[in-house]
Amino acid sequence: MLHARSSAAEWMDDAAATEAEFAAALRDLARINRMSLAYRPVLRWLDRLVARTGATRLSVLDVGAGGGDMLRAIARWAAQRGVVVELVGLDRSPWAGRYALAAGTPARWITADLFDLDPAERFDVVLCSLFTHHLPDPVLVRFLQWAEARARLGWLISDLHRHPLPWGFVWAAVRALRMDPMVVHDSTVSIARSFIRADWARLLAAAGVAAEIRWTFPFRWLVGSIRA
Ligand SMILES: C[S@@+](CC[C@H](N)C(=O)[O-])C[C@H]1O[C@@H](n2cnc3c(N)ncnc32)[C@H](O)[C@@H]1O
């Protein structure tokens, strides 16, 4: 069942989702992000980027930023490290920006499909979490080239590992925790749409983009590049 990337649709990608449905899913996604330690590897990668580039000011774009909780974690990280950040959230759902800004995300927000972003916009850092599995392979190849071209200092993808262990664990956990129906549906679909290392090697080769591929606990891939 998990031998290749699934193309099953996620409810979150249904443009007909109402604001209430989308907001409920974003609330539970933030719970999952906290419980699955989703911020930590991204913040450690930012530590490495700052150490290697010497940057003290960073513009950071979060693609598919959802409820903005990663950007809020980055704002806290920046305050602790004394790094001045200019944060930008991008999400094609109009409900994401409304939710993120109401939650106090200290970011400029762009509601658009990523490929419609103004071609002149570039950022020191382009990152995304739980986003790339939404894209089919040919679009993901284009996204890798897009990130490479948009990021001045580095880019990072954090996404799920397609493996029976997290699939089974997540299937049980979202039900035990009585999560929102959209999250219950999309969580295992997300894992089935996600990646093994060979997928990333193949996609990077197709994009002609060089990057480091790292596995991180619990069952995530970090794919990224720092220019220094
Ligand atoms: C699973 S959510 C992840 C949200 C957040 N990054 C997190 O980790 O909780 C994926 C998000 O990507 C957005 N998205 C999907 N395709 C997109 C596209 N082509 N351009 C911009 N946003 C997109 C969806 O609207 C959704 O909010």
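In this predicted model, Val126 is in contact with Leu61, Val63, Ala147, Arg150, Ala151 and Trp155, when its neighbours within four places in sequence are left aside. In soluble globular proteins, nonpolar side chains tend to be buried together.

Strand 5 is mostly covered, nine of its 10 residues being buried. Strand 5 pairs in the parallel sense with strand 4 (residues 123-129) over six bridges, and within this pairing Val125 stands opposite Gly154. Together with helix 5 (residues 137-150), strands 4 and 5 make a right-handed β-α-β unit. Strand 5 also pairs with strand 7 (residues 220-226), here in the antiparallel sense and over seven bridges, with Ile157 standing opposite Val223 of strand 7.

The ligand is surrounded by 18 residues, of which Gly64, Gly66, Arg92, Ser93 and Leu130 are the closest. By class, this shell has nine nonpolar, six polar and three charged residues, and both helix 1 (19-35) and strand 2 (84-91) supply at least two residues to it.

Helix 1 and strand 2, along with strand 3 (108-111), are included in what covers the buried residues of helix 4. In helix 4, which spans residues 94-102, the residues Trp95, Ala96, Gly97, Tyr99 and Ala100 are buried, and the helix is followed by Gly104, whose phi is positive, near 90°.

Notes: Residues numbered from 1 in each chain as written. Predicted model: local features only at pLDDT ≥ 70, side-chain atom pairs only at ≥ 80, totals over all residues. Near = placed C-beta within 6 Å. Helix = DSSP H or I, 4+ residues; strand = E, 2+ residues; numbered from the N terminus. Nonpolar A, V, L, I, M, F, W, Y, C, P; charged D, E, K, R; others polar. Buried ≥ 20, exposed ≤ 12 C-beta atoms within 10 Å, placed from the backbone. Contact = placed C-beta atoms within 7 Å. Pairing = 2+ DSSP bridges. Right-handed = clockwise from strand over helix to strand, strands pointing away.
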